[in-house]
Amino acid sequence: MESFVFLGFNLYAWITIITVLTMFTVLLFTKLRSDLVFLGAISVLYVTGVLNAKEAFSGFSSTSVVIIGVLFVVVAGLTHTGVLQWIVRNLLGQPNSYSKAVVRLMLPVAVLSSFLSNTTVVALFVSIVKMWSKKLKISPSKLLIPLSYASGMGGVCTLIGTPPNLIISGLYAENTGEAMNVLATTIPGLFCLCIGMLSIIAMRKLLPERQAPEAAFESTSDYTVELLVPANNPFVGKTIIQAGLNEVHGGSLIEIVHFDEVVSPVPDKEPIMGGDRLVFAGQIDEILELKKSHGLVNADHHVFSMNEVDSNRQLRTAYVTFGSHLINTKIGESTFEKDNNMTLVAVARRSKHINQSPREVVLQAGDTLLLECSPTANIQTERLASDLQFFDSAQVPNIGKKTFISTSIMIAMVVLSALNVIPLLQCAFLAAMAMLLCRCCNVDQAMKAINWEILMVFAGSVVLGVAIQKTGIAERLAFGILDVCGTNPIVVMTAICLVGTFITEFISNTAAGAMFFPIMYQAAEKLGYEPYPFLIALMVSVSSSFATPIGSPTHMLVYGPGGYRFSDFMRIGLLMNFIILAANILIVNIIYPLTPLQ
């Protein structure tokens, strides 16, 4: 195998290249779970002999991966004690201009994202920002993209704020024996954040002004019809299916109100009684034909509305996520409603209610659904979470003494690590133990907070980095970049960061960090410079994905609630990519001057 060489790469290198390209293609164009894809890639590299057993499983024992796992527990303690809610309540305020609103929003989000999971922070802020924007009389779409951008730029500000920082710093420690300070990226990150805020304010006209998707659902009487069954109706005593109400042209029967009893979803064998209220959803004009065909009459008032829902039922709004199993399907042709004990009432697309039977709508990513369900319905199941993002799913904990305790634990962890009193890994373990001992979260909450799929992706990313470095791919690519860019270190740094910025628009930023680490490291060494500043710049660049909604999980969180189109991100995001890249290169070279290798 060693004797086979093509285009400068041996057989092991080509196996690695094909494996990596195949893996990214599968992640982009299929709905396979990312952890299974990474596990498959590791298996291929191990079975073909590219990596030995120790190398293939090195990701699972990587310090940075272990830290990420432990930090999930620390974040659980902060979340369940209401730290995030306290900050939201006390810091947003009532700014009197768009510029001030952007600053009041982005700063706390960035600070939180420096220590907590970006997706956790954005998930909490989405519903808050929607309500806040209504008070400020600003379209939510003008604030939700800045919300997502702030979480990404804030995450760069510490090593623990975003996974690529931990992965890159961990690989740096393994290669040099020297650990990076937990605040190594703070000044570059804050500078880029300030430039980002000013850029958003200056380019505000590039942000779309979309109507909030749920605005299409503000008056349910526009698309639900409530009809009354008279006592002398000929269908009294018969079942729904016998009366022919199970399949109504242009809509569907979503609920029956028997006096004080609410039946939803409605079984085909449910009997009809005099005085029943039948609630239909769909095309009103066609549903109203039931008054003639079935002898129904108008109800005296319309009770099925967003602000008048009794304790036996609840309306929830959610949007269809990217990669959802519901995309290109019709709810009426699936068992979704039966499996989740929910009824689809209406569908909106790009903030406009779709005027057809909701169960017959072919769903698309970003569609907003109005669902009727029990107040006790579990909307946090793994399957539901992969298909839908509920607007109102955030659990609001009580704020009290434990809020202060959990905050103190987090601050102590960061300070002790930053001052090099205790290594970051030990600090994270101590903080996690303190969260459990102080009952900021219980064991079940801590275990549920650990995202094993994400940890698998992180571990797989480390292994890919090992393979790219071991097979000489990194060295060859580094030489190739030097051939194209010459020997100017700033030009080389910029070129690799530019490619990294755009690669991370389509793949996991963690994978991008692991893949570009050996390339950047080798390029710096070939130029004869310390890799440290090059890697700081790389950390910022692989977390700077602004141009596509699939570039970051936080973009996908705001995509539906903001009523965005795919192109909305590109309009402002492409410019943001270049602006932050320039700011990144500038500040890194000021804070960390290039130093020749000794």
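Tutor: We begin with the residue classes: Ala, Val, Leu, Ile, Met, Phe, Trp, Tyr, Cys and Pro count as nonpolar, Asp, Glu, Lys and Arg as charged, and the others, Gly among them, as polar. Please keep in mind that this is a predicted model.

Student: By class, what does the lining of the second largest pocket have?

Tutor: The lining of the second largest pocket has 9 nonpolar, 9 polar and 6 charged residues. This pocket has a volume of about 550 Å³, and of the 24 residues that line it, the closest to its centre are Asn246, Ser252, Leu253, Glu337 and Arg359. Two or more lining residues come from each of strand 4 (251-258), helix 14 (336-340) and strand 9 (342-349), with the largest share, 4 residues, from strand 4.

Student: How many cavities of 30 Å³ or more are there?

Tutor: Rolling a probe the size of a water molecule over the atoms shows where empty space is left. Here the count comes to 2 cavities of 30 Å³ or more. The largest cavity, with a volume of about 40 Å³, is lined by residues including Met153, Val156, Cys192, Phe546 and Ile580, and the elements that give two or more residues to this lining are helix 8 (141-155) and helix 10 (186-202). By class, its lining has 6 nonpolar, 4 polar and no charged residues.

Student: Which residues line the second largest cavity?

Tutor: Val229, Asn233, Phe235, Leu245, Ile272, His294 and Leu296 line the second largest cavity, which has a volume of about 30 Å³; by class, 5 are nonpolar, 2 are polar and none is charged.

Definitions and conventions: Residues are numbered from 1 along each chain as its sequence is written. This is a predicted model: local features need pLDDT of at least 70, side-chain atom pairs count only at pLDDT 80 or more; totals for chains, interfaces and linings use all residues. Side-chain values use heavy atoms; hydrogens and water are left out. On a 1 Å grid over the protein atoms alone, a cavity is a set of points where a 1.4 Å probe fits but cannot get out, and a pocket is an open set with protein on both sides within 12 Å along at least five of seven lines; lining residues have an atom within 4 Å of a point. Grid points are joined across faces, edges and corners, and a volume is the space filled by probe spheres set on the points.
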